Structure formats: structure tokens, C-alpha cells
Amino acid sequence: MSVARPARCLLSRRLAAAVKPAAAPSQCHAPFHSSAQLAARRKPRFKSIRAEEMGLITPEKIDEFTKETFPQYTPEEMKALKKKYTPEQMAALEAGEAAIDPKDLTIQGRVRRDPYRLPYLDDFSKIYPIIDKRPKTAPPPNPRSRFMSLEEHTEDLSRRLEDLIPKDVNFDGMSEEEMEKILQKRVDLSMEEAKYFLEPETLTHSNGRSNSALAPGLGKSLAGIRGMYKPPIAPEDQGLDDQGIYQNLKLRTGLSVRDILSVICKTLVVRSVSNQTRLGKIRSSWILAIAGNRNGRLGVGVAKNVEMTVASQKARLLAIQNMKPIRRYEDRTIYGSVQGKVGATIVQIDARPPGFGLRASHRLFEIFRAVGIHDIAAKMPRSRNPMNSVKACIEALQSQKDPNEIAVGRGKKLVDVRKVYYGGNVY
């Protein structure tokens with residue numbers, strides 16, 4: 001310390017240190033935070049170069065791009081336009097072309113180059129539903145219009161019939177056959193009939209048809225349409241499916257309608273379920289059905305709908321569509337003993353000798369009868385849930401092992417002792 005330093009400097013620094021609050025102890029570790037620490041801003045590898053310095057937006061480049069993207073009409077195109085438009089319309093087109101500077105479109109506009117761009121840059125003669133609104137060709141409805149009464153309907157029909165009669169033909173002294181021939185030549189009765197019945201005028205003081213999103217009805221008996229409409233019902237069905245219920249199923253399964261109707265369908269489980277929404281509970285019916293041809297094929301279908309009849313029909317069609325082959329021994333029982341488990345439900349099925357019958361619960365009884373099994377025993381030692389019992393039974397029937405495959409895998413020859421002992425007469 002220098003002795004020459006004045007004492008007041010020493011005292012002032014001493015007092016300032018006493019008044020200054022103590023600094024917080026430094027922390028060596030980073031503060032805790034759930035998110036990752038942000039990295040420092042990186043410097044770009046290359047310097048920023050302006051487009052003017054690269055020569056991309058020079059006046060020459062702008063003019064070249066403008067001429068390529070927004071070309072002017074050629075003399076040939078102008079001649080073609082003059083043939084299509086009137087002189088007044090051509091003057092309007094030329095005024096519109098002169099009002100828009102192509103350079104403004106180049107500098108301020110944006111032209112899309114991607115493959116999903118809309119083809120709507122210069123062609124205003126076509127209407128695209130994606131961009132344009134649907135043109136309203138009809139006037140708005142009259143607020144004073146009201147529905148016709150019976151007398152007004154009669155007067156409207158008589159007025160329509162009077163308008164169909166040709167005014168330049170004198171029918172006095174003609175026979176009915178001559179009148180019919182003239183009317184058939186001069187009046188399209190089928191078209192007028194379609195207009196009256198398919199598009200009737202039911203309002204008074206109306207301005208005609210108003211704008212609507214519905215397409216007009218198509219008459220099947222018109223002159224140019226008669227015979228072109230073919231119903232989806234095939235003639236080989238022989239009138240068994242006039243409503244077309246099984247047409248889609250016939251295409252999926254390859255079965256005829258007669259074969260589909262011969263399949264046995266049973267509804268085994270019916271439940272009432274509800275879906276909680278903000279508007280309340282929506283009740284529905286849940287149905288499980290099975291289908292079988294009594295010859296080794298079995299299927300199960302599950303459907304849900306607000307209407308029970310619709311849910312039942314959907315479940316039956318799905319059951320027929322999902323039919324799969326089931327192994328049977330001597331076309332009457334199964335191979336050995338099998339077991340299926342779904343949830344807490346266990347179904348144990350055992351093969352039985354001829355004449356034993358079907359000894360099972362009512363749902364399993366219907367399954368065995370639909371698949372064509374006559375001698376079998378089944379029991380459920382644990383839970384007897386209706387839905388799980390049906391699914392566990394079908395799972396057990398489909399999990400049978402084929403003895404021929406087991407013999408081939410072991411390299412053995414399979415011999416049926418019953419057929420050998422009884423000489424093949426086992427029934």
C-alpha cells in the first residue's frame with residue numbers, strides 16, 4: 001500500500017464495501033430443467049449473396065421470364081378469337097389485356113409449378129367446381145307462392161293438355177285414328193309424361209324451377225333411355241332375390257342365391273348396448289349369429305345397429321361370408337378332445353361313439369347342429385358367458401389336429417382300426 005494515498009480514499013472504499021450487499025455464492029452445476037438446453041446460434045457456412053449480385057433479377061431476366069410465362073396473343077390466336085367473340089367482346093378482351101402489365105404479374109404474382117397446381121391461370125371459359133361457384137341459372141323463388149289446391153291441380157293439368165295440341169292443325173272432321181297419328185308425330189308423349197310426373201309444378205305464382213343441388217329425375221320409359229337401364233338382379237337367381245339383398249354376398253363368396261338360402265343361420269346372442277354422447281345415450285342392438293351348411297362349414301358374424309332387424313341381417317350375412325371348414329371324423333364327430341378358452345370361459349369338447357347324440361348347452365347345441373356334428377359331448381367347467389362360450393366353442397373346433405398330418409410328420413402310416421375291424425361298415 002502506498003503511503004502517499006490519502007486517507008479519505010481508503011475510508012471511502014471501506015464504507016462502500018460495507019454498504020454493498022454480499023454476492024450470491026457461485027453455482028458450479030447447471031440449473032435443473034426438463035427441456036434440453038438450447039444450442040448457440042450457428043454461423044452460416046456461406047456468405048449471403050443477393051439475387052441482384054447473382055444476376056437472377058436483372059431487367060433482362062425479368063423480360064425473358066415474362067415473355068415465356070405470360071406470352072401475348074399471336075395473330076393466329078386473335079383470328080380464332082374473332083371468330084368466336086363479337087367485336088364488343090373483343091374490345092373488352094383487348095382492354096383487359098392492356099390494363100394488366102405482365103411485369104407486375106412476374107414481380108408481384110406467384111405462379112405455382114408443383115404437380116398439384118390448379119389449371120386456372122388463363123382459361124376463364126371453363127367452370128371448375130373446385131374454384132368457381134355453381135352458376136345459378138334459375139331465378140329465386142317467389143315469396144308469394146303457395147301449394148295448389150285440388151281444383152288448381154285440375155286446371156293446371158287441363159292447361160298442360162291444351163298446350164300439347166298443335167295450333168296449326170284443324171282437327172274438325174278427323175277420326176280418332178288420324179288424330180292419334182298426328183299427335184304421335186308432333187308430340188313426344190313419353191317426354192311430356194315424364195316432365196309432369198317427375199318434375200311437377202305444385203306451387204302457384206312461382207317463377208319456375210329454382211336453384212337446387214338435386215339432380216333431376218331420370219325417366220326409365222323415355223324414348224332414348226328405354227331398355228338401357230338394367231336392374232342388378234341376375235336372371236339366374238330365378239326370382240329368389242328380387243330385392244338384391246344377397247347380390248354383394250354372392251360376389252364375395254361365389255355361392256348362388258339358392259345355396260345362400262340353404263345355409264342355416266341362427267341368432268345366438270342379443271345384447272342391448274348404448275353409446276354415451278353429449279346429446280344423451282344412443283341405444284343399439286348387438287347381435288352374434290352363426291351360419292352352417294350342415295356339411296362341415298361354419299361361420300360367425302357380429303353386427304351392431306340402432307335397428308334390431310338391420311343388425312340381425314348384417315350379422316347373418318357376415319356369418320355366411322366368414323364360413324370356414326371344420327374337421328369331422330366320419331362326418332359325425334370330432335378328432336379326439338379339444339379345448340377352447342376365451343376370457344374366463346373354457347369349453348371342453350370330446351368325441352363320442354355313434355348314437356351318443358349332442359349333449360351340450362343350447363348355444364353349443366345349435367353350433368354342432370349347424371356344422372353337421374351328431375355325436376359329441378361338451379361342458380363348460382368355469383364361466384358360462386354367452387358371447388365367450390360361442391367364441392370358445394368355435395375356437396376349439398378350429399383347433400383340431402389332423403391325424404394324417406401328424407402321421408406324415410412322424411413318418412408313420414395311419415390306419416383306422418374301426419374301419420379295418422368292421423370292414424368299412426362303421427355306420
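Predicted model: local features only at pLDDT ≥ 70, side-chain atom pairs only at ≥ 80, totals over all residues.
Residues are numbered from 1 along each chain as its sequence is written, and side-chain values use heavy atoms, with hydrogens and water left out.

**Overall composition**

The secondary structure comprises 16 helices and ten strands; helices (H or I, at least four residues) and strands (E, at least two) are DSSP runs, numbered from the N terminus. Of the 427 residues in the protein, 22% are buried, where buried means under 20% relative accessible area, exposed over 50%, and partly exposed in between (1.4 Å probe, protein chains only). Among contacts (heavy atoms within 4.5 Å) between residues at least 6 apart in sequence, 55% join residues at least 24 apart.

**The four-stranded sheet**

Strands β3, β4, β5 and β6 form an open sheet in the order β3-β4-β5-β6, with antiparallel pairing. β3 (264–277) and β6 (324–325) each have a single partner strand and stand at the edges, so one side of each is left without a neighbour in the sheet. Two strands pair if DSSP finds at least two bridges between them; β4 (residues 280–292) is joined to β5 by eight bridges.

Helix α12 (residues 308–321) lies across β3, β4 and β5 and runs at about 150° to β5. Such angles run from 0 to 180 degrees between N-to-C directions, with axes being lines fitted to C-alpha atoms, for helices over the stretch in contact.

Gly 299 belongs to β5 (residues 297–305). Beyond its neighbours within four places in sequence, Gly 299 has contacts that include Ala 289, Ile 290, Ala 291 and Ala 319. The C-alpha atoms of Gly 299 and Met 323 are separated by 3.7 Å, although the two residues are 24 apart along the chain.

β9, α13 and β10 make a left-handed β-α-β unit; a crossover is right-handed if, with the strands pointing away from the viewer, the path from the first strand over the helix to the second runs clockwise. Strand β9 (residues 358–359) pairs with β10 in the parallel sense over two bridges, and Leu 358 stands opposite Ile 376 in β10. β10 (residues 376–379) also pairs with β8 (residues 345–351), in the antiparallel sense over four bridges; there Gln 348 stands opposite Lys 379. Within helix α13 (residues 362–371), the buried residues include Leu 364, Ile 367, Phe 368 and Val 371. Gly 372, with a positive phi near 95°, follows α13.

**Individual residues**

The search of the whole structure finds zero disulfides (pairs of cysteine sulfur atoms within 2.5 Å). Accessibility values for selected residues are tabulated below.

| Residue | Relative accessibility | Class |
|---|---|---|
| Gly 299 | 3% | buried |
| Cys 265 | 18% | buried |
| Cys 393 | 0% | buried |
| Gln 238 | 58% | exposed |
| Glu 330 | 8% | buried |

Gln 238, a residue other than glycine, has a positive phi near 60° and is placed in the loop between β2 (203–204) and α10 (247–253). Glu 330 likewise has a positive phi near 60°, and lies in the loop between β6 and β7 (337–342).
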